[in-house]
Amino acid sequence: MASLRGIQQPELSKKLFKIIKSENHAIGAFESASRERISIASQLSDWGEATGDESISDLTDKIGVLLSEIGEQEDVYAQNLEDYRGVLKQIRNTEGSVQPSRDHKAKISDEIQKLKYKEPQSTKLVQLEQELVRAEAQ
């Protein structure tokens, strides 16, 4: 079931929401791959030891260590992705909080343009321009 959090957000925030959601899936995949790789490393080492052959056991232990290191690096990478995802969330939240102000300024600018076209000498034009200056100062 899709989350409702993405529905009530401004357009730019919605795009970030989708990226954040996708990154969450990628993080899960890296964490899963890390666990699997570490498990495989252990199984390989156990198998090599069970063969009773010193050379095979030594080789599978070394490969197992390498696979475990790769798995740990995948886990570190997943943690770094999670940190990056947190930054994206902060950006999304900031974007969501400033969007109403942007929308208000755009609305005033549109009204000014319409009024300049329809009634270039209107007294309301000065009032709207002052309102736009106040909105931009916020």
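This briefing covers helix packing and salt bridges in the structure above. The model is predicted. Helix 1 and helix 2 pack with their axes 8 Å apart. The whole structure holds five salt bridges, including Arg 37 with Glu 74.

**Helix packing**
- Helix 1 spans residues 11–50, and helix 2 spans residues 54–118.
- They pack at an angle of about 170°. Angles over 145 degrees count as roughly antiparallel, so the two helices are roughly antiparallel to each other.
- By class, their contact has 23 nonpolar, twelve polar and 14 charged residues.

- Arg 37 and Glu 74 meet through their side chains, at 2.9 Å from N to O.
- Arg 37 lies in helix 1 and Glu 74 in helix 2, so this pair ties together parts 37 residues apart in sequence.
- Arg 37 is partly exposed, at 29% relative accessibility.
- Glu 74 is buried, at 14% relative accessibility.

- Glu 82 forms a salt bridge with Arg 85, with the closest N and O atoms 3.1 Å apart.
- The two residues are three apart in helix 2, which means that about one helical turn separates them.
- Glu 82 counts as partly exposed at 33% relative accessibility, whereas Arg 85 counts as buried at 10%.

**Salt bridge of Glu 95 and Arg 102**
- The side chains of Glu 95 and Arg 102 form a salt bridge, at 2.2 Å from N to O.
- Glu 95 is buried, with 12% relative accessibility.
- Arg 102 is partly exposed, with 38% relative accessibility.

How values were computed:
Residues are numbered from 1 along each chain as its sequence is written. This is a predicted model: local features need pLDDT of at least 70, side-chain atom pairs count only at pLDDT 80 or more; totals for chains, interfaces and linings use all residues. Side-chain values use heavy atoms; hydrogens and water are left out. Axes are lines fitted to C-alpha atoms, for helices over the stretch in contact, and angles run from 0 to 180 degrees between N-to-C directions. Helices (H or I, at least four residues) and strands (E, at least two) are DSSP runs, numbered from the N terminus. Angles under 35 degrees count as roughly parallel, over 145 as roughly antiparallel, 65 to 115 as roughly perpendicular and the rest as oblique. Ala, Val, Leu, Ile, Met, Phe, Trp, Tyr, Cys and Pro count as nonpolar, Asp, Glu, Lys and Arg as charged, and the others, Gly among them, as polar. A salt bridge is a side-chain nitrogen of Lys or Arg within 4 Å of a carboxyl oxygen of Asp or Glu. Buried means under 20% relative accessible area, exposed over 50%, partly exposed in between (1.4 Å probe, protein chains only).
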